[in-house]
Amino acid sequence: MKIAILNGSPRKENTYAMCEAFAEGAKEAGHEVEILNVGKMKIAGCLGCEYCHTKGEGACIQKDDMDQVIEAYKTADMVVFASSIYYFSMTAQLSAAIQRMYCIGKPAATKAALLLSSASPNVYDGPIGTYKGITAFTGIQDMGIITACGEENKSEAKLAEVKALAASL
Ligand SMILES: Cc1cc2nc3c(=O)[nH]c(=O)nc-3n(C[C@H](O)[C@H](O)[C@H](O)COP(=O)(O)O)c2cc1C
């Protein structure tokens, strides 16, 4: 299976550690994995102009780093959404990358997972709600949600949990 991990954090720290653990477990299980660091990409918000659904024939009018993510949406069998929590949300970059999915309707993937990193506990309702909405709307199967807060970040136990999820796919 081809797996695209969308790392919404602009840093290679806590969320990235979970992305790497996921990639390691998945690769050991024989999957092909690509981490896209969307947190560092220039991805503008959707303009809602409907160009993609009219003249654009599925292509967005905006030309930015989203082209790389669209390619992953079109080819990956599984998409992993990973993000740091910023003010009870996914990062703006990952939110933009999700909303810009609009031009293709839904990704080719049939499986998804969610990895979230925060400083405090009980801050995940927003991102989990978004993720569950997307999986229900697109019919993509949720393979698991893992959160890491405070000291759990980069801990051996948490990274082992992430790796085990990826190995079990
Ligand atoms: C702009 C900003 C907003 C944040 N908002 C929250 C928040 O609402 N709740 C929380 O628990 N942590 C919040 N944090 C802390 C990060 O979620 C936390 O440090 C996380 O582990 C960072 O992940 P990263 O190292 O992968 O970037 C915020 C951090 C930043 C920079």
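These legends describe close-up views of a predicted model. Local features need pLDDT of at least 70, side-chain atom pairs count only at pLDDT 80 or more, and totals for chains, interfaces and linings use all residues. Residues are numbered from 1 along each chain as its sequence is written.

**View 1. The shell around the ligand.** The shell holds 17 residues. Glu 13, Thr 15, Ser 84, Ser 118 and Ser 120 come nearest. Helices (H or I, at least four residues) and strands (E, at least two) are DSSP runs, numbered from the N terminus. H1 supplies the largest share, three residues. By class, seven shell residues are nonpolar, eight polar and two charged. Here Ala, Val, Leu, Ile, Met, Phe, Trp, Tyr, Cys and Pro count as nonpolar, Asp, Glu, Lys and Arg as charged, and the others, Gly among them, as polar.

**View 2. Strand E3 in its enclosed setting.** Seven of the seven residues of E3 are buried, so this strand is largely enclosed by the rest of the structure. Buried means 20 or more other C-beta atoms within 10 Å of the residue's own; exposed means 12 or fewer, and partly exposed lies in between, with C-beta atoms placed from the backbone. In a regular strand the side chains alternate between the two faces of the sheet. Met 78, Val 80, Ala 82 and Ser 84 are buried on one side of E3, and Val 79, Phe 81 and Ser 83 on the other.

View 3. E1 and E3 pair in the parallel sense over five bridges. Strands pair if DSSP finds at least two bridges between them. Ile 3 has Met 78 in E3 as its bridge partner. E3 and E4 also run parallel, joined by seven bridges. Val 79 has Ala 112 in E4 as its partner. Seven bridges join E4 to strand E5 (residues 141-149), again parallel. Leu 114 stands opposite Ile 145 in E5. E3, H3 and E4 make a right-handed β-α-β unit. E4, helix H4 (residues 125-138) and E5 make a right-handed unit too. Right-handed means that, with the strands pointing away from the viewer, the path from the first strand over the helix to the second runs clockwise.

**View 4. The buried side of helix H2.** Met 66, Val 69, Ala 72 and Tyr 73 are buried in H2. They cover an arc of only 115 degrees around the axis, which puts them on the same side of H2. The arc is that of the directions from the helix axis to the C-beta atoms. Their cover includes strand E1 (2-7), E2, E3 and H3.

**View 5. Two loop residues with positive phi.** Glu 50 has phi near 70 degrees, a positive value in a residue other than glycine. Its place is the loop between strand E2 (32-36) and helix H2 (66-75). With 12 C-beta neighbours inside 10 Å, Glu 50 counts as exposed. Tyr 87, not a glycine either, has a positive phi of about 50 degrees. Tyr 87 lies in the loop between strand E3 (78-84) and helix H3 (92-99). Tyr 87 is exposed, with 8 other C-beta atoms within 10 Å.

**View 6. Thr 110 in the loop between H3 and E4**. Thr 110 is partly exposed, with 15 other C-beta atoms within 10 Å. Leaving aside neighbours within four places in sequence, Thr 110 is in contact with Asp 77, Ile 140 and Gln 141. Contact means C-beta atoms, placed from the backbone, within 7 Å.

Definitions and conventions. A residue is near a molecule or strand if its C-beta atom, placed from the backbone, lies within 6 Å of it. Two residues are in contact if their C-beta atoms, placed from the backbone, lie within 7 Å.
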